[in-house]
Amino acid sequence: MSQDVQTRAKARKANTSRPGRASAARKDRDDKQFELLPGEPLGRDLLKNRFVSAVMRSRWYPGAFQIPIAAVFGLVAYQLLVGPSKAHENAGTALMWVLWWPALPLVYVLLGRFWCAVCPFAALSDFVQKLVGVNRPVPPFLKKYGIWVIDATFLAITWADHVFGIVGSPWGSGILLLLLTFSVIVSGAFFQRRAFCRYLCFLGGLSANYARTGMVTLRANTDICSTCTAKAACYNGTDTVPACPLSSFPRTMEDSANCNLCANCIKSCPNDAITLTVRQPTKELWFLRNPKIEESFLAMAIMGIVIIQNITMLPIWTDALAWVNKVTGITSYPVIFTALFAVAVSIPVALLALAAKVASGGNLESTIQNFARFGYALIPLDVAAHVAHNLFHLLAEGGSVFYTVGALFGGHASGSPALAGNGTIQVLQYILLALGLAGSLYTARRIAHRRYLTPGRRRSTLVPFTTLIVVLGALNAVMFLFPMTHRM
Amino acid sequence: MTRKTGTSQVVIAAVVLAVASAVVGLVMVASRSSSSSMAGMSGMSGMDHGSSETAVSSPTPTDAGGMPGMDMPGMDSGTGDATAGGPPPTPSGDMPGMDMPGMDMPGMDSGTGDATAGGPPPTPSGDMPGMDMPGMDHEHGDTAESAQPRPLAPVLGTFGGGTSAVLIAAGFMRRKDRAASLAKKATRLARKAEK
């Protein structure tokens, strides 16, 4: 009897240990193969085109864009602070929230972080630095936890928008601009380069994530760089060209998250080793080597923000508020909103964590590794949902930009602010969502196929993440069915 | 040591200046808001209620089914009982799902009561009687700011004061850094000369 028990125990041990050993061996093999895989292949170099090369190497780039944009932002700030107090009469609100904000994600998809090169806040930071800059190194805390600060800031601003009123209130938007300006001045005065843009700007965090789907990428030719004797001029700058504002070293740069296409490295490289290439959208996500959990978290938080932004514009929102009020007896809107906001933001994060947990059972990586790696696969859907949401504002309210700006110059034109009909907008929204969904599914597939050799590991990874992507895509699709309210 | 003390003195002075300007700004904001709420109490001036037609034609939140126990100070039940200090009253009830894109005319206040998207005037107060929403108003794209004067001077004063403090502090620190590096260079040169 006791022998039988021992035999059974041994058999059980053998049964459990065999797959363990096999899976460990499989994991080792996959890990080794993954280490050896080459990075993202580069396409045709745009800098070989004489016009593009001339523009990027010109001393007027990006200043020629910065100056008019800074002038428009000055007008926006003036309008927000002292212009009409009603949002739908205020040119600042129209320019900022109906034109600029919806157009921004589109710019990220097309040109990566190009906006950051021409951003007036960046220009202000450079100016302050020249004037009084102390150029202290960025504190290690910011380097380590900056992206978490960005995550928190993004959530806080969205929350404040609903509770205190920012988007629909010119004064609220003006205060936000002043706070941002002050932060930029502090950062520019005390820290090196554009510390604010890289480590603190909530828009910078968003753009860093979205730029990974961008169609333009800047890299260095490492073969040429290996023979370079210019002491990292591309990073440190030269006597005539400033250093890289986002502290990126082109030779080791693997993603576009911290490249704003300012072209400083192009101008300062004595060997013409920098390349500027066009690629398929989302391509960078397929070749990620070192995924970071905070960036995945930001991607999911943005998904949650898009969901809550959509929900608050739908009729169901009032029902949800009434329900919470009925169940809890709480009458304070900020408290109820905070609770619902926390739930809405937590749902995508929790769903990703759940999918990561399920996948970890089959692909032999930890839940955290899965969370970090496959959070990036959601970025295309994130971008699509964000653009689709903003497309409504751009097309349904875009006319208000003409009317309000025209009114500044004495014009009295009026009419419907809609640039397109409801049906057209909805069709475009669904096309965008479909593209985002396809992009996310394809990205998840590419990541899984690149990371894992065995079909079993790939399948057990893809099933939960594909399900998650489809669920989030469907959730967005349902929300775009309903009529939304206007921003202005 | 002397340099460090000097730098910290400058930083402390700058922080004190910034905090002082912030406090002054806050005091001014507080005094302004209290005076404006008094004005609002006396005549309810500046309280933008949306067009009266809308208020009549669309059901008020109370009509639509008031929620017991939701009476809060400063809240707007749609029946005109706005109290001072709270957001402007919003008589027009919001009809969920009635906000049709393309129906919004700039410069024309339809008073449809649609809350802005993701924006400050979210729907609740009109839809949910008793829901207290700071900064919210149901008139189209309209917010509490239309009813209250903007505390521009204190806010800009605080911003200007804070910014000046930062710039002055940074300027002093840079001067000290440069002086220190020059002193270092001079010492190095002197040592070399001695050798």
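How many cavities of 30 Å³ or more does the count come to? The count comes to 7. Before I show you around, a word on the ground rules.

This is a predicted model, in which local features need pLDDT of at least 70 and side-chain atom pairs count only at pLDDT 80 or more, while totals for chains, interfaces and linings use all residues. Residues are numbered from 1 along each chain as its sequence is written, chains are lettered from A and ligands numbered from 1 in the order in which they are written, and side-chain values use heavy atoms, with hydrogens and water left out.

Now, the cavities. A cavity here is a set of points, on a 1 Å grid over the protein atoms alone, where a 1.4 Å probe fits but cannot get out, and its lining residues have an atom within 4 Å of a point. Grid points are joined across faces, edges and corners, and the volume is the space filled by probe spheres set on the points.

The largest cavity has a volume of about 480 Å³. It is lined by 38 residues, and the closest to its centre are W97(A), W101(A), F154(A), F202(A) and L203(A). By class, that lining has 27 nonpolar, 8 polar and 3 charged residues. For the classes, Ala, Val, Leu, Ile, Met, Phe, Trp, Tyr, Cys and Pro count as nonpolar, Asp, Glu, Lys and Arg as charged, and the others, Gly among them, as polar.

Which helix gives the most to this lining? That is helix α4 of chain A, residues 91-111, with 5 residues. Helices are DSSP runs of H or I with at least four residues, strands are runs of E with at least two, and both are numbered from the N terminus.

The second largest cavity has a volume of about 100 Å³. Its lining has 13 residues, with L218(A), C244(A), C259(A), C262(A) and C265(A) nearest the centre. The classes there are 10 nonpolar, 3 polar and no charged.

Let's go back to α4(A) and see what packs against it. Helix α10 of chain A, residues 202-211, packs with α4(A) at an angle of about 35°, their axes 9 Å apart. Axes are lines fitted to C-alpha atoms, for helices over the stretch in contact, and angles run from 0 to 180 degrees between N-to-C directions. On the α4(A) side, the contact (heavy atoms within 4.5 Å) includes W100(A) and W101(A), and on the α10(A) side it includes F202(A) and L203(A). The residues of this contact divide into 10 nonpolar, 1 polar and no charged.

Why is α10(A) described as largely enclosed by the rest of the structure? Because 10 of its 10 residues are buried. Buried means under 20% relative accessible area, exposed over 50%, and partly exposed in between, with a 1.4 Å probe and protein chains only.

Two single residues are worth a look. V163(A) lies in helix α7 of chain A, residues 140-165, and counts as buried because its relative accessibility is 2%. Its C-alpha atom is 7.7 Å from that of Y333(A), 170 residues apart along the chain. G174(A), in helix α8 of chain A, residues 170-190, is buried too, with a relative accessible area of 2%. Not counting residues up to four places away in sequence, G174(A) touches L80(A) and L81(A).

Finally, chain B. This chain has 4 helices and 0 strands, in the pattern α-α-α-α along the sequence. Of its 195 residues, 43% count as buried.

Key: 1 Å grid on protein atoms, 1.4 Å probe; cavity = no way out; pocket = protein on both sides within 12 Å on 5 of 7 lines; lining within 4 Å.
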